[in-house]
Amino acid sequence: TTQVRGGIGIFSGRTPYVWISNQYSNTGLEFIRLDIRNPGFAFVPDANNQPEGGTLGTSEVDLIDESFTYPQVLRTNLAVDHELPWGVIGTVEFLYSKNVNEIKYQNLNLRKTGATAVGGRVLYARDVSSKFTDVIYLTNTNKGYQYSLSLQLQKNFNKQSWANLSYTYGQAKDINSGNSSQAASNFAYNPIRFDVNEPELTWSQYDVRHRLSAAVSYTFHFLKNAPTSFGLFYGARSGRPYSTTYNYYDANGDRSSGNDLVYVPASLNEVIMVDSKGVVLADQNAAWNLLNAYIEGDPGLSKYRGQIVPRNSSREPWNHSLDARLAQDIPVPGLKEHRLQVTLDIVNVLNLLNREWGKYQYVSNQNDTPWTLTGVDAATGKQKVSFSPRNRFVLSQLGTRWQMQLGLRYLFN
């Protein structure tokens, strides 16, 4: 028996209304900002008799395209289900999505200076208008896509026992993964290497290349009318993508200090190694060797020697998980179809078996900031870099630990 199925349509997800609320809360008119430092007066508790003074600050203004549309994708899929020998059902499915309307943020108060920095980085001045700081404009783009190819085998042994094995390969690209609620942060924390107002189409933060899962659940009848069920659930996925930016240094003049992707030096000849205070280190070779080892430890950095690294070029480690569940039904005497069910769930069995297994390591906010750019040497034009050895990944304390839960349910029909 063979079944072919498929479909096509335009789809939207949950509506992020907060992206619209930014325009109402940052109009530039609803409030002013005072910057008063080291005041020469004491605290005054009377709300109607507050001291005056200070310098009026400029405000951020958020704008929106009058034709803005919430994110939509054109999605199509094609799948084939086929009955194989021994009662196994095999499935092959291809899913493709193309962005129809996706978010795009721009800062209209940025002006290109006409100059570039090392690696071709475009330099800016935030001075189109002195009345405002950032002027964040929300509009749409149709750039971006996602696709996946899935293979699955499944078999039912009886009414209450089954097994499933699947593998999925996928790719996803966008210009902004849109994982923030505020306009300023959606713009400022979108890693950039060239044009901040025309972000490149690169790997999305939701790009998971490989996913493997296996599950089996079998019901035994050791006792009459008291079935015992045991299940194992295994999942593995390749690591999430992440970017490498400077440690909160504004390398392009856009006044955002967390979005500048690093230039990966090809050799010591391109940098001057300094300490955390910007003082040139005496032993340049030793300092460079530490930085060079960090770069070589990440293929997402080492393959871009002499270039600015693209957004999300690096990958977290693979993650493996194995969970187990044991359920025992106990009939209630005198009450037909009534029973108690005792369950035992174990999360992360791998870590229970071996403390070195089942570890989940990640990069915070999918953005690594391993070294600091303290400036450019005026005499040589070389970047002044400060680097201290550190762990590349964070160990999830909760996600790594095994957990056990004992449960009791009362079931009746």
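Student: Which element gives the largest share of the lining of the largest pocket?
Tutor: That's E6, with 6 residues. Keep in mind that this is a predicted model.
Student: What volume does the largest pocket have?
Tutor: About 600 Å³. It is lined by 29 residues, and those closest to its centre are Pro 71, Val 73, Asn 99, Glu 102 and Gln 146.
Student: And which elements give two or more residues to that lining?
Tutor: Strands E5 (72–83), E6 (89–107), E10 (145–158) and E11 (161–174).
Student: How do the lining residues divide into nonpolar, polar and charged?
Tutor: For the largest pocket you get 12 nonpolar, 12 polar and 5 charged.
Student: OK, next one. How much space lies in the second largest pocket?
Tutor: About 500 Å³. Of its 24 lining residues, Gln 160, Pro 227, Asp 329, Arg 339 and Gln 341 are the closest to the centre.
Student: Which strands supply at least two residues there?
Tutor: E13 (210–223), E14 (226–237), E20 (319–331) and E21 (338–347) each do. By class, that lining has 8 nonpolar, 10 polar and 6 charged residues.
Student: Switching topic: where is Ala 286 found?
Tutor: In helix H3, which covers residues 284–296.
Student: What separates the C-alpha atoms of Ala 286 and Asn 99?
Tutor: A distance of 48 Å, with the two residues 187 apart along the chain. Asn 99 is one of the residues closest to the centre of the largest pocket.

Terms used
Residues numbered from 1 in each chain as written. Predicted model: local features only at pLDDT ≥ 70, side-chain atom pairs only at ≥ 80, totals over all residues. Heavy atoms only, no water. 1 Å grid on protein atoms, 1.4 Å probe; cavity = no way out; pocket = protein on both sides within 12 Å on 5 of 7 lines; lining within 4 Å. Points joined across faces, edges and corners; volume = space filled by probe spheres on them. Helix = DSSP H or I, 4+ residues; strand = E, 2+ residues; numbered from the N terminus. Nonpolar A, V, L, I, M, F, W, Y, C, P; charged D, E, K, R; others polar.
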